[in-house]
Amino acid sequence: MISRSSLLLLLTLTLSVLPAAAQTPGVSDTEIVIGGSNSFSGPLAFTGEQITKYGVDLYFRVINDAGGIHGRKVRTVYYDDAYRPQDAVANTKKLVEQDHVFAIIIPQGSPPVVATLDYLEENKVPLLFPYQSSPVTRGKRYVMQGMTLSDRSSKMMIDYLAGQRKVKKFAVLYQDDEYGKSFLTAFEKDLARYGLKLVAAESVKRGVTDVSAQVAKLQAAKPEVTFLVLVPGPGAQALKERQKIGWTDTIMVSTGPLTDERYLALAGDAAEGVEGLSLWPDPVNSDLPGVKLYREHMRRYFPQNEPNRYSIAGYFAAMLFAEGAKRAGRNLTRDSLMTALESFKGYETGILPPITIGRDHETQKQGFWVRVEKGNFRPMTDWLKSE
Amino acid sequence: MRHAALATGAAVVLGWPWAAPRYFVFLASLIAINAIVAIGLNLLSGYTNQLSFGHAGFLAIGAYAAAILTIRAPALPVPVTLLIAGLVTAAVGLALGVPCLRLEGLYLAMATLAFGFVVVEAILSLDWLTRGNDGLRVPAARLGPWMLSTDTSRYYLVMAVAALLIVAAVNISRTRTGRALLAVRESEIAAQASGIHLAAYKTLAFVVSAFYTGVAGGLFALVVGFLSPDSFDVFLSVDFVAMIIVGGLGSILGSVVGAAVITTLNDSLAGFQNYRPLIFGAILITSMLFMPGGIASALGKIAGARSRPSRQGDDR
């Protein structure tokens, strides 16, 4: 039997919680609920799990154990979309309408993200730091960009290679989708500024692993630099194919989303001498204070999980969210969060250079040049700028 | 008794958007769309024993046809768009059904599986029309003066179409055609001996099945609002097969119940993240072990209905 006093207590509790919940979904006196649809099965399951459970949640555990944000603990809810857009739509609707999340954090991949874009904007739900590089998410009031967008990456890469290193002949091996094509268009535009054109461009269908025909055609065009706009599997395959046919007079250059440890491990010794644009400092070896702290937190909370670029991306996203929510103050609303994030000027994360966000809503605008030496990415430049 | 049940069902369907939270209105639309696919697939697999692992491909054709029509010819009323989507898909079903006449069992399953992959490749190659991997955003469709821009308005459209197609399927199953299809399933030789044109009926099953799935695809495009080749992977086809096996082969009620169970299951298991496929698989195996005839026949037995050993042909 429920006693009268406990019923009364329940009633008071409900009444005290309800008005707050009506004002800002996902924000109560004690808690902030945010969530996301991500890949926990399907082709990008590893990345999805690392970003969310070992990245975002890692940082929030640190924050919650230190007392939360203005006394509120952060709780996360994730649903699996297996990279299917319709599942991402269903999950996102459920997060917004059933779980009443305050914001969506770091969903993965262009198709699932684009499928939910209009819905979130219409409902004024912040879409924070989506893990994809196509500029299609630009220009929305409630979207904060995550990964350095492809046109910025392209600008840095061409300015560095054509401007500083005076390279003249470029070719591209790209994945035949939004990711690959957004880079292709950007490369063409940036090369035109130097009066240059691509000498060859070959596409790879998504999910294909044999790239020998494309590599042979690219070799015939004799480029000095060959860009790889691929995912780890085919990217490593292209390097192995190049080694097999003894094509040595070109520099293979990987784009930001490809330059990661997994691609390196898959390619083995074929990766030696490969260059690339890196969007993150080396999560395993970097001495930057933020990266060291990230590794220390990982060791403390998830000792069995190796540090990698995916979990550090999630960790970083959670860090930006926490700082934004802190600046928005105790009276946290969706608009006050967006305004707070827009106000970032030179915010030190210890992982990336000082973060300035502003009206363009872009959190990452830089990368640096790396070269693979003895199986590790060795930095060749300081941070490159894209503005 | 049956009238009372039907009236209650209709009242629940009509009142649902006013009683249930918004998300469940969306979910109910998805269930109805999947139910249409399941009925279509059941007419093929349950009635003529032709197993298809390529219905995600048919769904994709209907979805893209409807989406492209909605974008290029926004003045077209939705029923016409859906009808065209169904007819286009039916034509593809005819083209696939004829060469598949020679195939049976596993070989047919392989051919339809390949069909599913071919459709995805075609969407990628026709990127001037489909926008390939970038995906296609589907604008809100029009029905006379109304824009179907809310979950509730789309829900009523889906329910109306689903009701129409369910009634049609029940009628098909009770006519000479339905009995002929069932006869084909039980024994092709016996069916042929009793004057059933085997090739014609098997092809017809393909065409009708594709039509149903194409219409469902059109609704899918409108309800989800975004299409990409990633939407129509082979696992979606497997989900459809799971719906009719769990619900009951050769049963229209079973198709609807199966669609509801699998869709709800998929949705509620999304929160289990990486354990989703494991739990989903375990539930499927368990339900097949304990309800080999599907939920429809299990329900029939529980209700104490007169149950013959093979009541799978029950059409209610």
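Which helix of chain A holds A:M298? A:M298 lies in helix 10 (residues 289-301) of chain A. Helices here are DSSP runs of H or I with at least four residues, strands are runs of E with at least two, and both are numbered from the N terminus. The model is predicted, so local features need pLDDT of at least 70 and side-chain atom pairs count only at pLDDT 80 or more, while totals for chains, interfaces and linings use all residues. Residues are numbered from 1 along each chain as its sequence is written, and chains are lettered from A and ligands numbered from 1 in the order in which they are written.

A:M298 is buried because it has 22 C-beta neighbours inside 10 Å. The cut-off for buried is 20 or more other C-beta atoms within 10 Å, with C-beta atoms placed from the backbone. Beyond four places in sequence, A:M298 is in contact (C-beta atoms, placed from the backbone, within 7 Å) with A:L58, A:N305 and A:P307. The C-alpha atoms of A:M298 and A:S311 are 9.3 Å apart.

Between the chains, 27 residues of chain A contact 24 residues of chain B. Helix 2 (45-65), strand 2 (73-80), helix 3 (85-97) and helix 4 (110-122) of chain A each give two or more residues to the side of chain A that touches chain B. Helix 3 of chain A gives the most, with 9 residues.

Within chain B, helix 11 (residues 234-247) and helix 14 (residues 294-302) pack at about 15°, with axes 3 Å apart. Helix 11 of chain B is therefore roughly parallel to helix 14 of chain B, the class for angles under 35 degrees.

Conventions: Buried ≥ 20, exposed ≤ 12 C-beta atoms within 10 Å, placed from the backbone. Contact = placed C-beta atoms within 7 Å. Axes fitted to C-alpha atoms, helices over the stretch in contact; angles between N-to-C directions. Parallel < 35°, antiparallel > 145°, perpendicular 65-115°, else oblique.
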